[in-house]
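Hi there,

Here is the structure I promised to pass on. Have a look at it first, and then read on for what turned up.

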Amino acid sequence: MHKLQFRITETTTNKGSTIMSKSTSAKLVAKRMKERRQEIGVSQGAVAEAAGVDRKTINRIENGHFSPNLDTFFRICTALDVKPENLVKV
C-alpha cells in the first residue's frame, strides 16, 4: 500500500520557474481539500461516504494528522470533484 508523504520542498529550475519536488506539503494539501469541501458545501461525512472511508479519516486528513494512501487520495478527489493535481500544485 502506498502512502502519500508530504513535505514542503520547492525547486527552482535554471529558467527561474518554481516546480514541485516529489514531496509536497501535507498541510497544504489538507488545507486545499478542506477548502474545496467547503466550497462545494458538503460535510466531512458526505465526502467520507462518497470516498468509502470513515468521517474521522477525512477529519484527520484535513487536520494534518493522517496522510491517505494513493487510492484513498484519488477517491477523495473524486468525491470532491477536483483533479488531484489541483490539490498538490505549488
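In which helix does arginine 37 have its place? Arginine 37 belongs to helix α1, which spans residues 26-40. Before going further, please keep in mind that this is a predicted model.

**The overall layout**

The protein chain has 5 helices and 2 strands. Going along the sequence, the order is β-β-α-α-α-α-α. Of its 90 residues, 33% count as buried. Among contacts in the protein chain with a separation of 6 or more, 52% are accounted for by residues 24 or more positions apart.

Is it buried or exposed? Arginine 37 has a relative accessible area of 10%, and the cut-off for buried is under 20%, so this charged residue counts as buried. If you set aside residues up to four places away in sequence, arginine 37 touches Val42, Ser43, Gln44, Val47, Glu62 and Leu80. Two of these partners, Gln44 and Val47, will come up again in α2, and Glu62 in α3.

Leucine 28 is also found in α1. Its relative accessibility is 29%, so leucine 28 counts as partly exposed. Leucine 28 and lysine 89 are 61 residues apart in sequence, yet their C-alpha atoms are 9.5 Å apart in space.

**How α2 meets α3**

Helix α2 covers residues 44-51 and helix α3 covers residues 55-62. Their axes come within 8 Å and cross at roughly 110°, which means that α2 is roughly perpendicular to α3. The crossing of α2 past α3 is right-handed. On the α2 side, the contact is made by Gln44, Gly45, Val47 and Ala48, and on the α3 side by Arg55, Ile58, Asn59 and Glu62. By type, the residues of this contact divide into 3 nonpolar, 3 polar and 2 charged.

**How α2 meets α4**

Helix α4 runs over residues 70-79. The axes of α2 and α4 are 8 Å apart, and the two helices pack at an angle of about 120°. That angle makes α2 oblique to α4. Here too the crossing is right-handed, with α2 passing α4. Which residues meet in this pair? From α2 there are Val47, Ala50 and Ala51, and from α4 there are Arg75, Ile76 and Ala79. The residues of the contact of α2 with α4 divide into 5 nonpolar, no polar and 1 charged.

Val47 is one of the α2 residues in the contact with α3 and also one of those that meet α4.

**The buried sides of α3 and α4**

In α3, the buried residues are Thr57, Ile58, Ile61 and Glu62. Viewed down the axis of α3, these buried residues fall within an arc of 130°, so they line one face of the helix. What covers them includes α1, α2 and α4.

In α4, the buried residues are Thr72, Phe73, Ile76 and Cys77. They cover an arc of only 140° around the axis, which puts them on the same side of α4. The cover over these α4 residues includes α1, α2, α3 and α5.

**A closer look at isoleucine 76**

Isoleucine 76 lies in α4. How much relative accessible area does isoleucine 76 have? The value is 0%, so isoleucine 76 is buried. Leaving aside neighbours within four places in sequence, isoleucine 76 is in contact with Met33, Val47, Ala51, Ile58 and Ile61. Among these, Ile58 and Ile61 are buried residues of α3, while Val47 and Ala51 are part of the meeting of α2 with α4. Isoleucine 76 and alanine 48 are 28 residues apart in sequence, and their C-alpha atoms are 7.6 Å apart in space.

Aspartate 81 sits in the loop between α4 and α5, the latter being residues 84-88. Its phi is near 55°, a positive value in a residue other than glycine. Is aspartate 81 buried or exposed? At 63% relative accessibility, against a cut-off of over 50%, aspartate 81 counts as exposed.

How values were computed: Residues are numbered from 1 along each chain as its sequence is written. This is a predicted model: local features need pLDDT of at least 70, side-chain atom pairs count only at pLDDT 80 or more; totals for chains, interfaces and linings use all residues. Side-chain values use heavy atoms; hydrogens and water are left out. Axes are lines fitted to C-alpha atoms, for helices over the stretch in contact, and angles run from 0 to 180 degrees between N-to-C directions. Helices (H or I, at least four residues) and strands (E, at least two) are DSSP runs, numbered from the N terminus. Angles under 35 degrees count as roughly parallel, over 145 as roughly antiparallel, 65 to 115 as roughly perpendicular and the rest as oblique. A crossing is left-handed if the near helix is turned anticlockwise from the far one by less than a right angle, and right-handed if clockwise. Contact means heavy atoms within 4.5 Å. Buried means under 20% relative accessible area, exposed over 50%, partly exposed in between (1.4 Å probe, protein chains only). The arc is that of the directions from the helix axis to the C-beta atoms.
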